[in-house]
Amino acid sequence: MELKQFIQMQYMKPSEIIKLQEKRLRKIIKFAYENTELYRKKMKVANVTPDDIKTIKDLEKLPFSSKADIVQNPLAAVGDKANLFKLHTTSGTSGKGETIVYFTYNDWDHYVLQNARCLISAGFTKDDIVYNSTPYGLFFAGQVLHDGAKAIGAFIIPASTLKTGWAHIKNIMNPFFKPTAFIGLPQYFLRWGHTWIKAGGDPSKSTLKKAYVLGEPVPPPVREKIEQIWGVDCRIGYGLSEIGASAECDEKDGYHWCEDEVIVEVIDPQTGEPVDEGEKGELVYTTLTKTGTLAIRYRSGDESALLGRDCPCGRTHVKLRLIETRLDDLMKVKGTLVSPYTIENAMFAYDIEGFLCVIDKVEDSDVVRIYVKAQESKALRNQLSDEIKTTAKFSPTFIKFVEELPQIGRKGRRVVDLRKKSPLNKLVEEFEKSIQN
Ligand SMILES: [Zn+2]
């Protein structure tokens with residue numbers, strides 16, 4: 001499909017979107033039943049046949065699937081095994097192991113179009129010089145955004161991951177590069193800005209004008225800091241390698257979901273029942289155009305709400321509220337349920353460069369140790385402590401100011417729960433030991 005036509009599909013009448021979804025749904029369910037082990041088995045157990053699925057409402061008859069299904073047997077979710085082209089993996093951040101996602105050429109073409117659409121929605125144009133700092137390799141974001149930027153006709157600097165933040169800053173400063181648009185992980189981008197300022201530079205004077213950040217929930221103060229420090233217009237993207245991608249438009253108020261490609265439902269994570277529009281719940285996806293790894297009523301573990309189809313930008317694809325929480329990441333601390341997003345939102349409201357919040361159990365009690373990279377001050381310590389108490393409903397055991405913070409995992413986790421087993425815990429323990437010495 002041509003990009004122009006694909007972009008135009010974001011402006012279809014809602015009745016036409018539903019008609020298209022239902023046509024594609026009937027076809028893909030039949031295909032899944034005939035070609036995949038996983039979904040045929042699930043449908044047989046639930047006593048449902050492809051003939052039972054005609055409308056969106058009929059989706060409720062289908063059993064759920066999840067990441068665990070794909071982790072356990074990645075090929076069982078694949079339809080067209082004869083035409084596979086490549087695979088990508090996602091790290092098991094939720095402790096459920098690595099997900100392998102298979103693509104046919106056609107699947108990849110669709111993903112590239114989706115990402116081109118995201119970049120256009122985020123304000124990127126063919127005139128941009130795109131600095132892509134997302135990793136190229138098994139992780140799919142770098143490559144799919146590269147191909148998406150190519151599809152819109154932009155010039156690309158394929159930086160990928162580099163050993164240090166300085167290496168990126170040097171590239172951004174290179175007078176022959178002159179990037180105008182940034183793609184990458186928000187916390188890295190913010191950190192490089194701080195590094196540059198500390199060295200006496202001014203990131204807002206760089207040639208960058210816009211940023212598309214993705215890969216983790218972005219609390220409002222983090223976006224504000226990025227925009228202020230770098231002097232860019234920052235848009236947030238959201239995607240899953242097994243599902244698809246979406247991005248904010250000029251309104252910066254939710255992502256336009258790619259409804260022609262994937263049906264999204266919102267359910268109560270406890271009961272599995274659908275919730276009303278505007279209400280929060282777990283996002284459940286059904287892919288409509290892929291034939292490699294299929295996702296049918298796939299529980300994402302991401303929490304959001306549907307915001308409706310009316311948007312001043314004119315796009316009619318339903319908007320999703322910005323993701324704040326992965327349900328798997330919710331933790332009980334001192335008896336209260338809290339998400340890392342809540343803690344990040346509270347901490348970044350203040351003038352800090354970064355932090356690490358360690359949750360641990362000592363003598364049967366929960367303890368919370370917070371390390372902050374900022375100028376040490378008693379007033380700031382008290383402000384942070386009060387903010388955590390108000391928003392996260394627990395008191396930190398201590399807040400310590402440090403000069404450096406460790407990088408915990410590929411995405412740089414800022415909240416680590418040592419009560420849960422993870423290979424990342426060792427890094428935290430080593431860091432805490434080094435601080436004591
Ligand atoms: Zn819009």
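Predicted model: local features only at pLDDT ≥ 70, side-chain atom pairs only at ≥ 80, totals over all residues.
At the interface, 24 residues of domain 1 are in contact with 19 residues of domain 2. The area buried between the two domains is about 1,900 Å². Carbon and sulfur atoms give 49% of that area. On the side of domain 1, the most area is lost by Gln-187, His-194 and Lys-225. Together these residues account for 22% of what that side buries.

Polar interactions also cross the interface. Nine residue pairs are in polar contact between domain 1 and domain 2. Two salt bridges are found across the interface. Lys-198 forms a salt bridge with Glu-353, with the closest N and O atoms 3.0 Å apart.

Strand S9 spans residues 244-248. S9 is mostly covered, with five of its five residues buried. Strand S8 (residues 233-240) pairs with S9 in the antiparallel sense over four bridges. Within this pairing, Gly-239 has Ala-245 of S9 as its bridge partner. A hairpin of three residues joins S8 to S9. S9 also pairs with strand S10 (residues 255-256), again in the antiparallel sense, over two bridges. Here Glu-248 stands opposite Tyr-255 of S10. The hairpin formed by S9 and S10 has six residues between the strands. In its turn, Lys-252 has a positive phi of about 50°.

How values were computed
Residues numbered from 1 in each chain as written. Heavy atoms only, no water. Buried < 20%, exposed > 50% of the residue type's maximum accessible area, 1.4 Å probe, protein only. Pairing = 2+ DSSP bridges. Contact = heavy atoms within 4.5 Å. Buried area = accessible area lost by both parts, 1.4 Å probe. Salt bridge = Lys/Arg side-chain N within 4 Å of Asp/Glu carboxyl O. Polar contact = N/O pair within 3.5 Å; in protein donor to acceptor, adjacent residues only side chain to side chain.
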